[in-house]
Amino acid sequence: MDIALRKKELVKEFSPMMLKPGKWSKIWIAILLALILGGLVAFVVQVTQGQEVTGMRDNVVWGIYTINFIFFLCLSYSGAFASGVLHFFNTPWKNAVSRIVEIITVVSLIVGPIFIILCMARLDRLHYLFIYPRIQSPITWDVIAITTDLIGCLLYLYLTFIPDFAILRDNSEGLPKWRKKLYTSLAIGYRDTPSQRRRLHKITKIMSAMVIALAIITYSVLAWIFSLTLQPGWNSTIFAPYFIVAGLYSGVGVIIIAMYLIRKYFKLDHYIRKAHFLSAGVILLITALLYGYFTFSEYFARWFSHKTHDANLLDTLFNDYFWMFILANYIGILVPIAIVFFKKLRTIKTITFAAVIAVVGLWFNRYLIVVPTQETPYLPIQDTRPEFVHYSATWVEWALSFAGVAAFVLFFMLLMRLVPIIPMSGIIDYEKKGKARRKGLTQQQQP
Amino acid sequence: MKFNLFTYIAYILLFGLFLAPNVMAQEMNLRDYRMRFRFKTVKQPDQSRMLEASFIAANKKDRKDRLPVYGAEISFFNILEEEKVALGTTKTSKEGIARILLPKDQSYLRDEEGKVTLKAVFEGTDEMDMEEREITVKDVQLSVELSEKDSVQTVQVNAHTLDSLGVAIPLEEADVIISVQGMLSRMVMDEGTLEDGMYEYKMPIDLPGDMDGNMTVFATIEDHEDYGDVVQKKTVKWEVTNISNQENKNHLWSEVAPIWMYVVLTILLAGIWANFAYTISNLFKIKKEGQKLEQSL
C-alpha cells in the first residue's frame, strides 16, 4: 500500500466537509448564532436585573442551569469514558466513533461549567472560589476536578488529533495559507517515524487511562455535591455510581444521535456502518438496564424506609410531577430497552430513536433529582408566595439553556471543520493492519 | 330635607349591615354551645396554692369546636358551712383560664378533718348563665429526696397529711408521677403508687441535664379526689452528660480541613499533574525529533 497516496486520497475525500460549508450548513450556523445571540440578551438581562428574572427563589436555588450543568458534564464524562476505553483496548471499530466521542467530551466540558456560572448571583465574587477555597467543601472539589478534567481532556483530544494534523500539513495543496500554518504548528513536527509513533502511542494510552479515571472522579464529585447533604432525595450512598451509570446512558445516547446525524449529513455510510449502531445499541441496552436497576433501587429504598421527608418527596414526585416521573423513569428506560432488546427492532433509525428517548428521559430525570427535593425542604417556609416555593423556569433561563445547546452544536461543527470527523490516521492504521493480517494468512497457507 | 332623610336612611342601613350579621351570629352561636366550667387547685412546690378555673364554650355538635370564654369575671372563695371568705377575683385570659395564687401562709377555714372547701363562681351575664364549682381538698405535705446510693441515682417521694394534733399521717394508695424538666415541658419518667407514704424510683443515668449538668425532678399527685393537685420539685447536680453541649466533631464544618483530606487531594492532584507533565514533556521530545528531521531534510 502506498501510504503517501492513501493519505492524499483521504484528505481529498474529507476536504469538502472541512472546507466548503453547504447551504444547509450555513442555515444551521445562522440558527445556532441566533440562539446564542438570544442567550446573550438573556444573560445581559440577568446580570443587569439580577437573579430575580429567573425562577430561582428561596426554596429552589438550583434550577435548570444546574440541570444543564449536570447534563453536559455527564455527556463529557461518558464521552471521556467511552473514548478512553476505545483507545486503551484498541477497539476495532473505534475509528467510526472515537473522534465524535472526543469532540463531545471536550465541547460539553467547555459548555457545562458555563451553566453553573450562570447560577451564581454574584459573579463578581467568582474568583473567591480560588482565593478562599474550603478544601472540605464538595464545591471546591468540583472546581478542582472539572478544571483538571478539562485540561486532561483537551490534552488527550490534542494527542489524538496530532497524526491527522500531520497528514493535513503534508497534503495541504489548495488549502488557505492560514490553515497550512495552523496545521504545521499543531502537528509539532510529527513525521510518523517509529520513535515518534511509539512515543505518541505510549502517552495516548496513558492519557486514555487517565481520562477514564478523571471522568469517574469528576462525576463522583458532582454526585457528592448532592449526596453529601442531608436533603431528602439527595442523601444517598449510591448516588455517585448512579450518576456515573446515568451519565454513561445519556452519553451513549448522544453519541448515537451524533453518529446518525453525521452519517446522514456527510454521507459517511461506508465508515459509520450499521454494525457500529448495533454495537452502540448493545451498550445502550446494558447501560439502560443498569440505570433502571439503580433508579429502582434508589426509589424503592426511599419508599420502603418510609421516613417522613422521603415519603413527602415521593408524594410530590407521584402527584405534582407524575407525567415527568413516568417519562423520565418509565418511558425513558423501558422504551430504549424494548427497542434494543429485540433483534428484529434493531435498525439504525430505531436505535437512534431509542437514544433520543434515553437522552430526553435523562434530562427529565436530572430535573426530578434537582428541583422537587428543594420544593420539599426539612423546614417548610410558611406564609410565603407559591412561586417562592414552586419552581418554574423563566424565558431567561430557557433562552440561556437553548443558547448552551446551540453553542455545543456550533463548537462541534467548528471542530469538524478543523479535523476530519473520521480519523484519517486511524483508517490508514486499520488498513495497514488488515493488509498485514492478509499477508500473514497467505504466508501460512503456502507450504 | 328630602336629601337629609335619605342620608339618614343610608347611614342606618350601613350601620345595620355592619352590626346585624354579627349580632345574629352571636345569638345563634350561643345556642349551639355548651359551657364547660372547671375548677382545680394545685399546691405548688413553694407551698403556695394556685386556684385555677377554666371556662370553655364547647360546640354541641362539633367536639373540635371549642371557644375559650375571654374576660369572664371569676371569684374564688373559701367556704365552711355558712361561712364564706373571698380569696380573690380575676378575669379569664384569652385561653379562658382564670388563676390566682394564694401565699403559703394563707389561713383557710377547715372542717373537723382538716379539709378545705374552695369555690369558683362566675356570676353570669344577660346572655350567659351563672356557673360555680366547688372542691374540697386536704392539705398534703409532699417532699422529694434525691440521693445517690452505690452509683444509683434514687428519687424518694414522701407524702403525709397532718391531723388536728399535728401528727403526720402517711398517704396510702395515692398515685404519684415522677418527671424531669425538659426544655419545653416535663418528661414523665415513672408513674407509681404511694405505699405507707413513700415511693422510690431509680433514675436512668443517661439523662441530659441543663448546661451546668443540673436536673430538676418533679413529683406530682394529679387530680386526686381528696388532695387535688400537689407538685413538688428538687434540683440536683447529677453531672449527667449534656448531649447538646457536646463538641461537634464534624471536621468538615471546622475552619481547617482534616489533614488526611489535604494528603489525599495532594497525592491525587500530584499524580494526575505528573502525568500531564510527562505527556507534555513527551510532546516536546516529539517536536524536537521533528525539528531534527526537518533540518536533515
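This is a predicted model: local features need pLDDT of at least 70, side-chain atom pairs count only at pLDDT 80 or more; totals for chains, interfaces and linings use all residues.
Trainee: What makes the 126 residues a nonpolar core?

Mentor: A nonpolar core needs buried residues of types such as Ile, Met and Leu, joined through C-beta atoms within 7 Å. The largest such set has 126 residues. Ile100(A), Ile255(A), Ile256(A), Met259(A) and Leu284(A) touch the most other members. Helix α9 (residues 239-265) of chain A gives the most, with 16 residues.

Trainee: Why is this core said to lie between domain 1 and domain 2 of chain A?

Mentor: Both domain 1 (1-210 + 403-427) and domain 2 (232-373) give residues to the core, so it lies between them.

Trainee: Which residues does Leu284(A) touch, leaving out those up to four places away in sequence?

Mentor: Val252(A), Gly253(A), Ile256(A), Pro336(A), Val340(A), Ala354(A), Ala355(A) and Ala358(A).

Trainee: Which residues does the second, separate core include?

Mentor: Among its 39 residues are Phe77(B), Met203(B), Met215(B) and Phe218(B).

Trainee: How many residues of chain A are in contact with chain B?

Mentor: Contact requires C-beta atoms within 7 Å. 20 residues of chain A are in contact with 21 of chain B. On the chain A side, α8(A) gives the largest share, nine residues.

Trainee: What share of chain B counts as buried?

Mentor: A buried residue has 20 or more other C-beta atoms within 10 Å of its own. Of the 297 residues of chain B, 19% count as buried. Chain B has two helices and 16 strands.

Technical notes. Residues are numbered from 1 along each chain as its sequence is written. Chains are lettered from A and ligands numbered from 1 in the order in which they are written. A residue is buried if 20 or more other C-beta atoms lie within 10 Å of its own, exposed if 12 or fewer, and partly exposed in between; C-beta atoms are placed from the backbone. Helices (H or I, at least four residues) and strands (E, at least two) are DSSP runs, numbered from the N terminus. Domain bounds come from an automatic or database domain assignment. Two residues are in contact if their C-beta atoms, placed from the backbone, lie within 7 Å.
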